[in-house]
Amino acid sequence: MDTVEFTPTADQFAWTFGGVEPIMKVRPGTTMRLWCEDAYAGRLRSPADLPSQCIDINQVNPQTGPFYVEGAEPGDTLALHFVDLQPARDWGVSTTIPFFGGLTGTDRTALLQDALPEITWIYQYDSARQTVTFEAARSDFRVDWPAEPMLGTVGVAPPAREVRTSLVPERFGGNMDTTEMKAGATCYLGVNVPGALFSVGDGHYRQGEGEACGTAVEGAMNVTLIVELIKGGAPLWPRIEQDDWLIVVGSSRPLEDAWRIAQVEMITWLGELYGLDRMDGYQVVSQLAKAPLANVVDANYSSVVKLAKSLLPAANPYDGMHRHLRTS
């Protein structure tokens, strides 16, 4: 198995999915050790650093990539297995941003109220204890929480020469912000262009479901992943497999349409796995599904549907690709 290590320089980040030349070519089966910058491009480092003063909106959510996967063609399935996610700094950062977030007026929910206060919180990350420390901005409240590293953004180039900002989640993946994108997970994405052109980024040291204020505990991340290619079988929307769960992600606005997309995609997956008629699959999902929110703040909202494998007959998604990669 090939191993590739890559740390991008500032001029090598991708800021979009699509419209970017690949940074390198890799073969299926390659293990990649990558470094990803935080969503603020490393520009916020203290409580005095405010987004409106320090951030260039054209340079947020930098991506490591894109990578050209040899042999990948439209209609194939790209499998990215996340072996390990490790915070790359001893601090992370979260903020409120004017007119951005789930509990404020925005450019799409136009209100007459002023913007919420702009605040920056710095979280200390303890690698030995695997915790992040929250310190309140307006009192002496302080508490440690378990770190739960994840990637907010995983995606491929979209079809039809589209170029989409790295802030957007869609069929190609992108900025889904789901806590399910963690170590031990395998993400399946449909390939839209030759080489797939996948990128990853937006490390989160922890995040609540929905990412209510618009930002997680954002931090640079060391990512170890394995790239694999499945010929054919491209899913319409991103799928994730974990040891105990089958998961799909739908992204749209309004939120109920994102939920509907994920429900339909799960019913479709059940049909592929078990030969279930859509109406029977509808009944299975109705009785078994958990539906956590991923984000309700991005340009599209993302909704997750997950089914426990323990409640279903044994199956072999993608000919056992997840199991194979877990033991690689």
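Guide: We begin with two terms: buried means under 20% relative accessible area, exposed means over 50%, and partly exposed lies in between, with a 1.4 Å probe and protein chains only; helices (H or I, at least four residues) and strands (E, at least two) are DSSP runs, numbered from the N terminus. This is a predicted model, in which local features need pLDDT of at least 70 and side-chain atom pairs count only at pLDDT 80 or more, while totals for chains, interfaces and linings use all residues. Residues are numbered from 1 along each chain as its sequence is written, and side-chain values use heavy atoms, with hydrogens and water left out.

Visitor: Why is strand E17 largely enclosed by the rest of the structure?

Guide: Nine of the ten residues of strand E17, which covers residues 221-230, are buried, so the strand is largely enclosed.

Visitor: Which strands does E17 pair with?

Guide: Strands of a sheet pair through backbone hydrogen bonds, either parallel or antiparallel. Two strands count as paired if DSSP finds at least two bridges between them. Strand E4 (residues 31-36) runs antiparallel to E17 and is joined to it by six bridges, with Cys36 having Met221 as its bridge partner. Strand E6 (residues 77-87) is also antiparallel to E17, through ten bridges, and here His81 is partnered by Ile226.

Visitor: In what order do the strands of the open sheet lie?

Guide: The open sheet has nine strands with mixed pairing, in the order E1-E4-E17-E6-E15-E18-E19-E21-E20. Strand E1 (3-6) and strand E20 (293-295) stand at the edges with a single partner strand each, so one side of each has no neighbour in the sheet. E20 pairs with strand E21 (residues 301-308) in the antiparallel sense over two bridges, and Leu293 stands opposite Ser303 in E21.

Visitor: How many salt bridges are there, and where do the partners of Glu180 and Lys306 sit in the chain?

Guide: Side chains of opposite charge can pair when their charged atoms come close. A salt bridge here is a side-chain nitrogen of Lys or Arg within 4 Å of a carboxyl oxygen of Asp or Glu, and by this rule the count comes to 16. In the pair of Glu180 and Lys306, the closest N and O atoms are 3.0 Å apart. Glu180 lies in the loop between strand E14 (173-174) and strand E15 (186-190), and Lys306 in strand E21, 126 residues apart. Glu180 is buried, at 6% relative accessible area, and Lys306 is buried at 11%.
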